[in-house]
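Dear colleague,

Please find below the structure that I am handing over to you.

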Amino acid sequence: MENNTFKNIRAKLSKTQKEIAQLLGVSTKAIHSYEQGWRKIPHHVERQLLFLLSRTILNDKNPSEKCWDIQKCPDKKLKTGPAWEFN
């Protein structure tokens, strides 16, 4: 996951860096580093973030909109993503 994608998802979730850090179980400094591109986003953090995004989308007005549609995931990545796994 790219740092800008991470930042955009956090914005979609309407969470501050501190709030998303608490939800993901990492430090606020780690979130800042991910968003600046200084640190690679670990796979477990990416999975948790995408899971939060999928839950938020399901609770929105349009529950048929999936995160893989929003992110325009290619087919190759689609079936290996955690959001697909949890539908």
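A helix here is a DSSP run of H or I that spans at least four residues, and helices are numbered from the N terminus. By that rule, Glu35 has its place in helix H3. Please bear in mind throughout that this is a predicted model.

**Overall architecture**

The protein chain contains 7 helices and 0 strands. Its pattern along the sequence is accordingly written α-α-α-α-α-α-α. Of the 87 residues in the protein chain, 31% are buried. The accessible surface of the protein chain amounts to about 5800 Å², and carbon and sulfur atoms hold 50% of that area. Among contacts in the protein chain with a separation of 6 or more, 53% are between residues 24 or more positions apart.

**The salt bridge**

How many salt bridges does a search of the whole structure find? The search finds 1. It is formed by the side chains of Glu35 and Arg10, with an N to O distance of 2.4 Å.

Once neighbours within four places in sequence are left aside, the contacts of Glu35 are Asn3, Phe6, Lys7, Arg10 and Gln17.

**The nonpolar core and the aromatic pair**

The largest nonpolar core has 15 residues, and those touching the most other members are Phe6, Leu24, Ile31, Tyr34 and Leu49. At least two residues of this core come from each of H1, helix H2 (17-24), H3 and helix H4 (43-59). H4 gives the most, with 5 residues.

Ile31 is in contact with Phe6, Gln17, Ile20, Ala21, Leu24 and Val26, when residues up to four places away in sequence are not counted.

The structure also holds 1 aromatic pair. The ring centres of Phe6 and Tyr34 lie 5.6 Å apart and the ring planes meet at 70°, so this pair is classed as edge-to-face. Phe6 counts as buried because its relative accessibility is 0%. Tyr34 is buried as well, with a relative accessible area of 3%.

**Further points on helix H3**

Which residues of H3 are buried? They are Ala30, Ile31, Ser33, Tyr34 and Glu35.

Ser33, which is found in helix H3, has a relative accessibility of 9% and therefore counts as buried. Residues up to four places away in sequence being left out, Ser33 touches Trp38 and Arg39.

Thr28 also lies in helix H3. With a relative accessible area of 35%, Thr28 is partly exposed. Its contacts, leaving aside neighbours within four places in sequence, are with Gln17, Lys18 and Ala21. The C-alpha atoms of Thr28 and Thr16 are separated by 9.4 Å, and these two residues are 12 residues apart along the chain.

After H3 comes Gly37, which has a positive phi, near 85°.

**A backbone detail at Ser14**

Most residues other than glycine have a negative phi. Against that background, Ser14 may be worth a look: its phi is positive, about 55°, although it is not a glycine. Ser14 lies in the loop between H1 and H2. Its relative accessibility is 61%, and Ser14 therefore counts as exposed.

With kind regards

Technical notes
Residues numbered from 1 in each chain as written. Predicted model: local features only at pLDDT ≥ 70, side-chain atom pairs only at ≥ 80, totals over all residues. Heavy atoms only, no water. Salt bridge = Lys/Arg side-chain N within 4 Å of Asp/Glu carboxyl O. Core = buried A, V, L, I, M, F, W, Y, C linked by side-chain atoms within 4.5 Å. Buried < 20%, exposed > 50% of the residue type's maximum accessible area, 1.4 Å probe, protein only. Contact = heavy atoms within 4.5 Å. Phe/Tyr/Trp six-rings, centres within 6.5 Å; stacked < 30°, edge-to-face > 60°. Areas by Shrake-Rupley, 256 points an atom, 1.4 Å probe, with all protein chains shown as cover.
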